[in-house]
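Me: I'm new to this structure and would like a close look at just one part of it. Could you pick a helix and walk me through its surroundings, starting from a loop close to where you want to end up?

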Amino acid sequence: MTPAEDKYFRLQLELAKELNMLVMIHTPHRDKKAGTGRSMDVCLEHGLEPSRVIVDHNNEETVEEVLEQGFWAAFTIYPHTKMGNARMVEIVRHYGTNGIIVDSSADWGVSDPLAVPKTAQLMLETGISAADVRAVCYQNALTAYSQGGQIKESHWLNPQPIDQRQMFNDNSVLRGQEPLIETSREYALIE
């Protein structure tokens, strides 16, 4: 961490504490192990509860320390770089499911927004139980992120009907199109 990064990281942590928000840390690309350890140390210095901090972009050299300290260990799965599906399977085999979150990305590099279901399928094919797959690919993320009170499973299982007649700051995205107006929406969670 540069002095500027450290300064603004600390300010963001204080803001998160003040607003009672969760914290997500993106581990550094270089010297990942030392940077991850330092980030967690700074969180603890600021009095944050590790259970309210998600440390993302973990790998084999960071996961053990993250889990031992009680932080959430998230893994962003990429098709060609960083953490891949097969490596993720081995991490779950070795460390279990407690505190582990499998996620994906759709960012500036080559990424795969479907990496989570693909990793889940590989886990099932290699003998990891459906309950364990559900934990790391769904439930742990829901548990971690719902602590902030802004996300609930009911938001996508029982979403509000769409009414495109509603405007935001007197603006519409319809541009002359007929608005979609639903009376209800329901979805089922696939087990």
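Reply: Let's start with H57, which sits in the loop between β2 and α3. Keep in mind that this is a predicted model. The phi angle of H57 is positive, near 65°, and H57 isn't a glycine. Is H57 buried or exposed? It is buried: its relative accessible area is 10%, and the cut-off for buried is under 20%.

There is another residue of this kind to look at. N20 also has a positive phi without being a glycine, with a value near 55°. You'll find N20 in the loop between α1 and β1. N20 has 53% relative accessibility and so counts as exposed, since the line for that is drawn at over 50%.

What covers the buried residues of α2? The cover includes α1 (3–18), β1 (23–26), β2 (53–56) and α3 (63–68). So which residues are they covering? The buried ones in α2 are K32, G35, T36, G37, S39, M40, V42 and C43.

As for the helix itself, α2 takes in residues 32–45, which makes 14 residues. From first C-alpha to last, α2 reaches 20 Å, and that is close to the 20 Å you'd expect at 1.5 Å a residue. After α2 comes G47, and here again phi is positive, near 75°.

Now take one of the covering elements, α1, and see how it lies against α2. The axes of these two helices come within 10 Å, and they cross at roughly 45°. The crossing of α1 past α2 is right-handed.

Which residues do the touching? On the α1 side they are D6, F9, R10 and L13, and on the α2 side R38, S39, V42, C43 and E45. Sorted by type, the residues of this contact come out as four nonpolar, one polar and four charged. S39, V42 and C43 turn up in the contact with α1, and they are also among the buried residues of α2.

The secondary structure comes to seven helices and four strands. Following the sequence, the pattern reads α-β-α-β-α-β-α-β-α-α-α. The C-alpha trace spans about 55 × 45 × 30 Å along its principal axes, and 36% of the 191 residues count as buried. If you take contacts between residues at least 6 apart in sequence, 61% of them join residues at least 24 apart.

R93 belongs to helix α4 (residues 85–95), and it counts as partly exposed, with 42% relative accessibility. Between R93 and I128 there are 35 residues in sequence, yet their C-alphas are 7.6 Å apart in space. Setting aside neighbours within four places in sequence, R93 is in contact with T126, G127 and I128.

Notes: Residues are numbered from 1 along each chain as its sequence is written. This is a predicted model: local features need pLDDT of at least 70, side-chain atom pairs count only at pLDDT 80 or more; totals for chains, interfaces and linings use all residues. Side-chain values use heavy atoms; hydrogens and water are left out. The expected span of a helix is 1.5 Å times one less than its number of residues. Buried means under 20% relative accessible area, exposed over 50%, partly exposed in between (1.4 Å probe, protein chains only). Contact means heavy atoms within 4.5 Å. Axes are lines fitted to C-alpha atoms, for helices over the stretch in contact, and angles run from 0 to 180 degrees between N-to-C directions. A crossing is left-handed if the near helix is turned anticlockwise from the far one by less than a right angle, and right-handed if clockwise. Ala, Val, Leu, Ile, Met, Phe, Trp, Tyr, Cys and Pro count as nonpolar, Asp, Glu, Lys and Arg as charged, and the others, Gly among them, as polar.
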